[in-house]
Each structure stands twice: as structure tokens, then as C-alpha cells.
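Q: I would like to learn how to read a few local features in a protein model. Can we go through them one at a time?
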Amino acid sequence: MLTMQKISRLLVVALVLQLLLPATMRAEIEVAPAEDHPYSFDVMDNEYGEGHYLRVASYREEERLHMDESAGDADEPFRIEVDPSVWMPYYDMENPYPVTFRVETVRRIDDAVVQTRDYEWRMVSIVKGELAVAPHELGAIGLRLITADESVIDVMEEPGVVYNEASGVLAFAVETEKTGPFLLEARMDGETVGSTKIRPVTGLNRLPVRTEVEEGESRNAVMTYFDVHAGEVPRYTYNNKSAFVELNAEDGGEALDMEVFWDDDDANVLTPLPFEFHYFGETYTEAYIGANGTISFREEYTETTFNAYPDLSAPPSLHVYAADLEAGEGDNGPASSIYMKVAGEAGDRQWIVQWNDMYFLSVDEYVTFQAVLYEKSGDIRFQYPSVELVGGWRSHGAEATVGIQGASEYAGYPAVLYSLKEEKLSNGLALCFGVQPRCGEGGPVVTEAYTNEAGDQVSITFDRPLDSTAGLYAPIAWNGTAAIHDIAYDPADETGSTLIASLSEVVEVGSEVSIDLRDGAVRAADNGVRSEAANAIPVEVRTVLEEEPPITGPVGALPAPTANEVVQIGGKSYPGMFRSTKSQGDGGSVLSVEPAATNWGTLAEGLRQGDVLTIPLSTAADETTLSLNGSLLQLLADKGAGMELRTPQGSYRLPASELAVERLSAELGREISLAEAKLQIVIATGKAQAVDALSAAALREGWTTLTGPVAFEVILTVHGESYTVENFGSFVKRELPITTGTTIPGTPTVIVLLEDGRYYAVPTRIERREEGLYAVASSLTNSVYAVVSKAASFTDMGEHWARGAAEELASRFVIEGVGEGSFAPEDEVTRAEFAAMLVRALGIKPSAAEALFGDVPADSWFAGAAAQVQAYGLMEGYEDGVFHPEATMTRQQAMVILGRALALTGLHVDADDSSSALLPFADRSQLAAWAEQAAATAIAAGVVQGYNGKLLPGEAVSRAEAAVMLLSFAGAERTNRLMD
């Protein structure tokens, strides 16, 4: 382990290394670590050199704390040996005073300072830890960090959160300039389910990791970052609905010698435990019992009151009724006594401690309370047979602290609090503390499980009413091929004892199926105890055979409500052309929109060549399906018109080219007639699997999720056979409303979620309208879409001219860094890298196909990108059948490839603009003949710029240049048919 001196030296070294590099002095001052000593560094000033020396000083306001000067000239290495107690004496990181570091270059002849700059020193804590979270809890768990000044940070909104589904561990790293101690709280259903308070201790759980310099008009600062290790936040909570159990440790128990307490109010008695007790990750075999209502481990605890919880000076302890209590000798009431008793059989024993008639100091009022430790579960029970007092502010526990706390190796203090000086205690109250606090009480048990007659739902009935305020987080798992995509309390069960789960598949007659009940799945309404895990619970299959008539409800039941919908063409409305019907399906509400007209003459008169027929719907539904019959498809084809469906969930526009008979025939692989076809456009809320995949990806990648997943689908039916249209020959536009009220980091981007959990981004434009913010995206495929955002930055870009382009494209998932937060802007781009960037810029679906190049291995990271740029005609190989992935991309090659990409998006550059685009460049003759047209297109579209009147076609493309080109390409996308 690092010593305190070494750690402090490392801190100041890192601090001063960055400190001595202000922007205005970098050309003169050089700072480098001493190679032979990791806690020293050398400083030089090559501009002033002879006749000058260097001075470094630290200040607290105007008080100089320490100063060191070089003996040699400024251009000779000046070695700084760090003494931390001198640079920042008596510095308290929990209550820091402001520190300023001043760097000066001084003229020796008259000690005149020729250069100086001040830096404010700031401390940033990176609080790191872990929390055990089951996959089904991800959508419900909350985690917050509370600083010393009670500022609250939502950990789940921070970028440094990563979830490992295999291990069930949520890792987090939260940056804050606030000071500790830090309190971490995990919450579900509004209740704390785990907490720990962290006291940062340098050398134990706080270590310096890096220093950065911040320069601006308002201040210059040196930011030193410390890792503060919180360890694992333990999952502990309490149940205040536990049933009061009649206990009497005095009956057959062992009495403590009360004279110990009569002689010393703060005395503790060390006693062996009857079993090994597992508590907050530690195992204890003995405990201290105090008259002040505490049981402590490791060491005795004599404090009686405190104002913060947990008490950072306390050992692991149970505060049953921590207050100013003393043992009475019986002079003015009953004599106090403390009894211990062991109950139960080995492996399932309980240790009972009972405080009888404990008095408040100097007051003739007394209370009786109990604690029970459970061997098997590690649960802890507090009971209060008699605590209601008539004496003013001492009544009902108003002076007591009630709860439990532990201690961890990372200077953490896990704690679960029920009351801190609040009137919450009453006679007959029982509290149970634990991970799933049961304290020997039983939770709900499944009595029967059965399917409905349709076979697409299963009812699970328990032996008692359930607490409907408790969330349902995937409480059951289905053993079979079906998936559970929704579960809720049965509104028809007035007792509140039944759940209903919707299934993704119908359970066939004769099937043998079962369910597993997860630990803590549901909570009892009466005693607040959660259910225990149970596996292979049989499900009775009550599915009705298909030949049996289904039960459709009472005779004369009302049909589903219908409504007439309006069609819009060029701002003009045509009512009554379509009719919508809303119904309830297995996956939620369904809105079906069907043609109501049998003659499209009215539309034909208003529809002009190239128009878009729009159906705007205001009715919200989980799934909306628009059906287009053959006659309407033929009309749209004849007019070269497109189709747009607008719903509250999102909008979908199919261009005329995708509705043409040639395109639909190509999709099916055979010729069809539009008159015999039916086309359905579907917009639906993403199913549970998509929701889980989006949540997992957001946690893993550090995104902010701006919308839920929305599925877009097109189904073509010919002669009763249906085909799902997955790919398009041109870009198809979709819109998603952004309804989040949170701050949006980075650039909002639409991503496509694939079934295997992977994702990719598609070209996105953000529009602000009167009704709100919309993400407009274009893609070549159908799938599930969502809007996310993520801020991006690179440590090596500084004021680089391409910084904006690099950060913008990284935020849009188009480009990536080279590792450790760097972008390497001046590195040359290879053909493989450019192919990958271009595929991501176009939003082309990742391909598993192999590229037809001899030098592209199937398992290489760029194989998919090489296959796609080849398939779309964007990049070609060489005559020898190879791709040369590691070859440098030239500007000429980039111009040609971007010109082809613009053609793919549908951009049409005016012929005159194209032919004249090359004229301003003096070296245009150096372009190869095969590159001229595509290069002219790229230049005319503004994608490629020259340098001082030259194209430099043979020069290599740097990563910075590639970023600017691709961002310009994205700008061209926004103004052409790709986005419109």
C-alpha cells in the first residue's frame, strides 16, 4: 500500500506538472517528470535562460505557504523535491481552504518577475462502487449520491454507469467537486433498499489519479482527480409491518450483572454469541451489550445520542433504542434488567436480548424493548413492548435513534435507518431488518396457476392479499418457449391475491408448463413480508381447443368503437376516406385503420404527381396498423405519390419508389399485380425485450435515453401470403417525438436496435416545432428505433480546428477515438477506417456477410464495413482482388467515395455546378480521369474543401480531415432527399 507521504507527493507532482503548462507560456517553459524519481520533476524555461531563474509558490489567499526557487539558470533543469506537509500544510479535504499555485520566471539581476500566472486548485472526487442488481430490477432501481452539503446526484443519470448482466453487478463512477462524507442510497418503490456512507481517507480509499488544467476568462484552475472507492453498496432494508411476536427472554434466559451498569452508565458487557452471526459481509462470534440500547461488534460503543446517521465513529452496531438511558436500581420504580436467551434448533436459532425498564437519565420514566438475531437468515428484529411515555418530548422514541449500521474495508459505513429522533415508536411495534427482511415470518405462497381459455395469459393466485403499491419487476419466469411481456395485478380479484401475466405465445392444449417465482417477487399486504423463491410451480393449462367455439361475451355486446379519419394532400383534407377501430389485444391497445372508401375518385382528382398522401392520427395506441388495398396502391403508383402515417408514437413516410410495383415485385422475387396486393404499415411500442435491450445498452454505453423503443414494420400480402418488408431500395424517413424533460447531452441520435442486442445509428436531424422536439431519421431498413444522446470529447483536441466535427460525429456514433480518450487528429486514415466511418455515417446495417476481397479476413473488425461499401458500390477493390485495408486513404479517393455516397442518398447536383466545381483549383489536372466526376460532385455539394486554392488529390487524409468531410457530408444529407 502507498504510504501517506508517497501519495501526497504524487498529488503535488501531478498538480504542478499540469500547473506549469499555462497556454501563454507553453512555448517557453518545459516540464517533465524526473526519470530517476517518480515524485520529482524538472522545470526549464528556454526563452529566458541565462540570467533568469524559476519560482513556484503555493498560497492560501494572500498568505504564502511555501516557495521554492531554482539555483541554476532558467534554461537548466530545476528539480522539485516535493514535501507535501510544506506545500499545503494542515489541508483538510473534507473542509478545504482555497489554494492558489503561482508560477514565476524571475530576472536574477533585480529579482523582477517577467512572467507569472495563478491557478486555483480544485479537488474532484470520482466516487466508485458497485451495487448488486438483478436484470429484472434494472428499470426500477435508483441510486443517488448525497454529498456533505446534502446536494443530491442521480447516479443512474451519470455516464460512468455500467451493468454486467452476467454477474448482476452495476458499477458506477460519479464525478463531483462536492466534498464528503458521501452517502450512497439505493432505492426501489420509494424505499431505501441499500445504503452506505463513505468517509474518504487518503491512502485507504482515496487515491489521486490525474490532474487537468482548466483555463478560461473567469478562472484558471488545476483540477486534481481522486478515486474514492466505496466498495459494494450492501442491499439491506427494513419492514415495519412485521407482526409483533410475544417474546420473554426473562423466561429461561440468562441475566446480565446489572451492578456493572449501576457503577458506570456507559459500561458495555462483552458476551459470546450462541452462533456465528453474518452481518454486512462480516462474521461475528461475540458482541457488546450496553444499557444505552445498543449491541455492538468489534468494540464497545458508549455514545448515547448523535445527530448524523450512521455515526462515523461507531463500530458495527445495532441501535435498538439508542438514547440517554441508564440502569435503575429500583429506588423510584422497577429495577432495570437485561436478559439473553437462545431459542430454536441448531442452524435456525434466534438470540434474544431484552432490556427491561431502562430509565432516562435523571427522569423516572422507563422503556422496555427487545432485539432478536436470526442465525439462518442474518435478519434482525427490534420489538417494543413498552415505549409509549407520557413525558413530553421523550415519548414514542422522539429522543432515540433506531437502526443498524456496519463498517467496510473502504471506510464505508453501511446503514439502514428507521427513525432518527422521530416519534415513530409505539407499543407493539416490530421492525425487521435484512436483505429480504422476514424474521421468521412467511411471505405470500402460490396456491394455483392456470392459463385462460385463449392460452395467452396465465393467472397466478397467492394465499393472501398482495401489496399493490409494491412494483412488479419480472416477478416470475416462464419455463417454456413463450415469453412474459406484461404482468399486472388482476383488477377482477377483489381480494388482491392474483397476478395476470400475458404470454408471447399461445400455450397449446396438453402442454406441460411451469413458472418460477423469483425471490422477493411480491409483498404481502398484511405483514409486508416478500415471497420466497419457488421453482417449477405447475401451471394448469385451460386452453380451449380451436374447434370449440370461443367465449365472446354476452349476446348483444357492443362492437369496438370506430371513427372516421381524415386524409391530407398538400394541406387539403379529405374526410371519410379511412375508418379506425380501437380494440384491446394481447400486447395492449390496437388501432386498426382501414379504407372506408370504395372509390378513390375524389382523391385521384386532388392527387398530383409526386404528392404525399398523409393520414394524421390523434388516437394513441400501443400498436397502430394502416392497411392500403390494391386499388389505392395502384392510384399512388400511377401518381408517383408517397404515403405517410402520423401517430402520437411517431411517423412513417414511404416514398413513391417503395410503393411501385417494380419495387414490391423485387422484394418478393416474382412479379405481382398491385390490384391483388395489400400493404400494411405498422407503428408499435417496442416489446419488453426491446425495452430491456435499450436499458441495458444505455447503462453499458452511458447514453441518455430520450424515447422508448418504437417498432416500424411494413407487411405485404399477396393471395393470402404475407411477407415482411425489411429492406428498402432508398432511404425511408421516420419521426420520433422527444418528450423527455431532462437535459440532453451531446447530439440526439436515432439508433436501430437489433434482436441480438447490437445497435447502430442512422442519419438524424432534430426539428423544434410548436408541439415539441422531433428526431427525424432516415434508414434503409425496418426495425425497432429509439432516440438517445451521449456527450463526447477527446483529451487531445484542445483548440484544434476539427474539434467540433470530431465531437459532433462521436456523439452521433459515426467516429470513435483511438483509446484512452484520445482522437489522434493528425494520424492518417486507412481504407478500413474510412469504410467503417462511412458505413456508420450512412446508417447502414452492420453486415455479417464476407467481403469479396482476398485480404479481408472474415473475423477482422472491418469485415462487415468492407462488405457493405462493396455491396452499395461505394468502394472497390484493386485489380488483384484485394482491398488493401491498411493502405492510407488519399484525398482523391475520399472525394470519389463521398461523391458516390451522395448519389446513394439521392442528391442531384446541378450539371453546371458540377462541371464548374473544379475550375477554381490550380492542381485540378492532377485528378485522375476516373475521379473527376465524383470529385466534382463532392466539391459542388460542399463536402470537400481545398487548401489555398488546391485540391491536393494525392495527399493522405488525416483523421481530422475525415471528421470534417463526414460532418460536411452529413450537412449535405440534411438538405437532400435523404432527409426530405
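**Reading the features**

A: Start with Glu329, which sits in the loop between strand 22 (325-327) and strand 23 (337-343). Keep in mind that this is a predicted model.

Q: Is Glu329 buried, partly exposed or exposed?

A: The general idea is a pair of cut-offs: buried is under 20% relative accessible area, and exposed is over 50%. Glu329 has 48%, so Glu329 is partly exposed.

Q: Which residues gather with Glu329 in a patch of negative charge on the surface?

A: The patch holds Asp257, Glu259, Asp263, Asp264, Asp265, Asp266, Glu299, Glu300, Glu303 and Asp331, together with Glu329. Membership requires over 30% relative accessible area and no salt bridge.

Q: Where is Arg298, and what is its phi?

A: First the background. Most residues other than glycine have a negative phi. Arg298 is not a glycine, yet its phi is positive, about 75°. Arg298 lies in the loop between strand 20 (294-296) and strand 21 (317-322).

Q: What is the phi of Ala824?

A: Ala824 also is a residue other than glycine with a positive phi, near 55°. Its place is the loop between helix 9 and helix 10. Ala824 has a relative accessible area of 15%, so Ala824 is buried.

Q: Is the peptide bond from Gly180 to Pro181 cis or trans?

A: Again, the background: most peptide bonds are trans. The bond from Gly180 to Pro181 is cis, with omega near 5°. Pro181 is in the loop between strand 11 (169-176) and strand 12 (182-188).

Q: How far apart in space are Phe244 and Asn427?

A: Read two distances here, one along the chain and one through space. Phe244 and Asn427 are 183 residues apart in sequence, but 9.6 Å apart in space, C-alpha to C-alpha. Phe244 is in the loop between strand 16 (237-239) and strand 17 (254-255). Its relative accessibility is 27%, so Phe244 counts as partly exposed.

Q: Which residues touch the most other members of the largest nonpolar core?

A: A nonpolar core joins buried residues through side-chain atoms within 4.5 Å. The largest one has 62 residues. Ile815, Phe834, Leu838, Leu842, Leu898, Leu966 and Phe969 touch the most other members. Helix 9 (803-811), helix 10 (831-842), helix 11 (863-871), helix 12 (891-905), helix 14 (932-940) and helix 15 (959-974) each supply at least two residues.

Q: Which helix gives the largest share of this core?

A: Helix 10 does, with nine residues.

Note on methods
Residues numbered from 1 in each chain as written. Predicted model: local features only at pLDDT ≥ 70, side-chain atom pairs only at ≥ 80, totals over all residues. Heavy atoms only, no water. Patch = residues over 30% accessible without salt bridge, like charges linked within 9 Å, V, L, I, M, F, W, Y side chains within 5 Å. Areas by Shrake-Rupley, 256 points an atom, 1.4 Å probe, with all protein chains shown as cover. Salt bridge = Lys/Arg side-chain N within 4 Å of Asp/Glu carboxyl O. Lys, Arg positive; Asp, Glu negative; His and termini not counted. Charge placed at Lys NZ, Arg CZ, Asp CG, Glu CD. Helix = DSSP H or I, 4+ residues; strand = E, 2+ residues; numbered from the N terminus. Buried < 20%, exposed > 50% of the residue type's maximum accessible area, 1.4 Å probe, protein only.
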